[in-house]
Amino acid sequence: MASSVAGAEVVTGKVSVLSKRDHLGKSTIQGNHQSLLQAKLPYSKTNWGCRPYKENTKLYCRRSCRMQSAQTHKKPIEDTIDLSSKLLSSTAGQVITCKAAVAWGPGQPLKIEEVQVAPPQAMEVRIKVYYTALCRTDFVFWEAKGQTPLFPRIFGHEAAGVVESVGEGVTDLKPGDKVLPVFTGECKECRHCKSEDSNMCDLLRINSGRGVMISDGKSRFSIDGKPIYHFVGTSTFSEYTVVHVGCVAKINPEAPLDKVCILSCGVATGMGATLNVGKPKKGSTVAIFGLGSVGLAAAEGARIAGASQIIGIGSNSAKFEQDYEKPIQQVIAERTDGGVDCSIECTGNVKTMIQAFESCHDGWGVSVLVGVPHSEAVFATHPVNFLNERTLKGTFFGNYKPRSDLPGLVEMYLNKELELDKFITHEVSFADINKAFDYMTNREGLRTLIKVAD
């Protein structure tokens, strides 16, 4: 899930620096947030590069992920997490007192508190969270600039854990299952869930303003009887959380939770925006506007799709080396013979959205909006840009269905077809969770991994 930010940050360079293929044709992301080259533009920075395409490359779109999820990864992976269902189910039906990082007000440092977590109700799951990561969406709603404040609250939505207990009616999960909680859901019954073209579940799509469970309008968190609000139905900055079953993806028990946790938001969103929505063809030119975690994942999707040229654009003035006085869409048009075949916008800045759309080639260019703008933002471009057969699309969680598709992405990682490790640039303890916010404030690194439970 991308969020509104002031401008588009670039973390990219030539694609040969961003990624490479080994002798089996599998991809590995190279370099890091600090080392990738950049160029300077008034609003945007860019670099240009080409990447050979392997004929045996697979297109890992949503459908292929479902095929992967049906496979079993053979090689055992070390995991020190105790998955004993007896141990986990010993607290079933009871209130659990545990630690959580509570936000008491806008912009205030999170405070580790003892909270009470109620048992799951019908169609709910209580999860022991082992790892979580800070996403910019958490950061934006924590700052509460432009959003309606709702505090006290437990943030967090990009995480991995183990089922502790399940509520009435839950049949496809049991204590001990490894899972990814997700900020959006899949009821599998509504028209969107039954459609191959949509992941916008009528029942469980994201609602950032709701701080309670949908079943009874109550919170499962409290401190001395006072309710603490949920965040996007997940609230993973807690040792235990309660989530609707439709927002929980069961994954391979051999998956390392400290790696795959970032699949529950940023990486899936970026990859899916390219592969499932933009759908660039082999040999296409692709421009990525804003390359933090989501943008780098979009670039990886473009490489997997066989793009011949991937262009990264952003405005991080601390890391560029060339000035362009012309508008970025004009620069791109000049350098790509009229514009790119596909552009992916990952910033939430409406000016950048317009630039991304206008950077596409007429006749066939497709632009995909991923970032979430401020509520009062207005997208303004001349209608001729549409009449000249450019296409503008939006996407939500990369068009992946959480329960159906995330297990397949996990299998891709286990089969070494998807690189996740390079996205994690910092690791902190739960007690030091505020350091993750400091890193994001200072625009340091990509994802900060937070170890919640031992």
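Tutor: Let us begin with a loop: Met123 is found between strand 5 (111-117) and strand 6 (124-133). Please keep in mind that this is a predicted model.

Student: What makes the phi of Met123 worth noting?

Tutor: The phi of Met123 is near 65°, a positive value in a residue other than glycine. Most residues other than glycine have a negative phi. Glu389 also has a positive phi, of about 70°, and is not a glycine. Glu389 is found in the loop between helix 11 and strand 17 (391-394).

Student: Why is Met123 called partly exposed?

Tutor: The relative accessible area of Met123 is 33%. Buried requires under 20% and exposed requires over 50%, so Met123 counts as partly exposed.

Student: What is noted about the peptide bond from Phe151 to Pro152?

Tutor: That bond is cis, with omega near -5°. Most peptide bonds are trans. Pro152 lies in the loop between helix 4 and strand 7 (158-166).

Student: Why are helix 4 and helix 13 described as roughly perpendicular?

Tutor: Helix 4 (residues 136-143) and helix 13 (residues 433-441) pack at an angle of about 95°, and their axes are 11 Å apart. Angles of 65 to 115 degrees count as roughly perpendicular, and therefore the two helices are given that description.

Student: Which residues of helix 4 and helix 13 meet?

Tutor: Arg136, Phe139 and Trp142 in helix 4 meet Phe437, Met440 and Thr441 in helix 13. By class, this contact has four nonpolar, one polar and one charged residues.

Student: Why is the aromatic pair of Phe139 and Trp142 called tilted?

Tutor: Their ring centres are 5.4 Å apart, with 55° between the planes. Rings pair if their centres lie within 6.5 Å, and planes count as stacked under 30 degrees and as edge-to-face over 60. Phe139 and Trp142 both lie in helix 4, three residues apart, about one turn of the helix. In an α-helix, residues three or four places apart point the same way, because there are 3.6 residues a turn.

Student: How do you know that Phe139 and Trp142 are buried?

Tutor: The cut-off for buried is under 20% relative accessible area. Phe139 has 5% and is therefore buried. Trp142, at 9%, counts as buried.

Student: Which aromatic cluster includes Phe139 and Trp142?

Tutor: Phe139, Trp142, Phe237 and Phe437 form one aromatic cluster. The count of aromatic pairs comes to eleven.

Student: How do you know that Cys187 is in no disulfide?

Tutor: The nearest cysteine sulfur to that of Cys187 belongs to Cys201 and is 3.6 Å away. A disulfide requires sulfur atoms within 2.5 Å, so Cys187 is in no disulfide. The count of disulfides comes to zero.

Student: Are Cys187 and Cys261 buried or exposed, and how is this decided?

Tutor: Buried means under 20% relative accessible area. Cys187, at 18%, counts as buried, and Cys261 is buried at 0%.

Student: What makes helix 10 mostly covered?

Tutor: Seven of the nine residues of helix 10 (residues 350-358) are buried. They are Val350, Thr352, Met353, Ile354, Gln355, Ala356 and Phe357. These buried residues pack against several elements, including strand 13 (285-289), helix 9 (328-335) and strand 15 (342-345).

Student: Why is His361 called buried, and what does it touch?

Tutor: His361 has a relative accessible area of 13%, under the 20% cut-off, and is therefore buried. His361 lies in the loop between helix 10 and strand 16. Not counting residues up to four places away in sequence, His361 touches Asp337, Gly338, Gly339, Val340 and Arg390. The C-alpha atoms of His361 and Gly339 are separated by 4.1 Å, and the two residues are 22 apart along the chain.

Student: Why does Gly371 count as buried?

Tutor: Gly371 has 8% relative accessibility, and buried means under 20%, so Gly371 counts as buried. Gly371 lies in the loop between strand 16 (366-369) and helix 11 (384-387).

Student: How many helices and strands has the protein, and what percentage of its residues count as buried?

Tutor: The protein has 13 helices and 19 strands. Of its 454 residues, 59% count as buried.

Terms used. Residues are numbered from 1 along each chain as its sequence is written. This is a predicted model: local features need pLDDT of at least 70, side-chain atom pairs count only at pLDDT 80 or more; totals for chains, interfaces and linings use all residues. Side-chain values use heavy atoms; hydrogens and water are left out. Axes are lines fitted to C-alpha atoms, for helices over the stretch in contact, and angles run from 0 to 180 degrees between N-to-C directions. Helices (H or I, at least four residues) and strands (E, at least two) are DSSP runs, numbered from the N terminus. Angles under 35 degrees count as roughly parallel, over 145 as roughly antiparallel, 65 to 115 as roughly perpendicular and the rest as oblique. Contact means heavy atoms within 4.5 Å. Ala, Val, Leu, Ile, Met, Phe, Trp, Tyr, Cys and Pro count as nonpolar, Asp, Glu, Lys and Arg as charged, and the others, Gly among them, as polar. Buried means under 20% relative accessible area, exposed over 50%, partly exposed in between (1.4 Å probe, protein chains only). Rings of Phe, Tyr and Trp (its six-membered ring) pair if their centres lie within 6.5 Å; planes under 30 degrees apart count as stacked, over 60 as edge-to-face and the rest as tilted.
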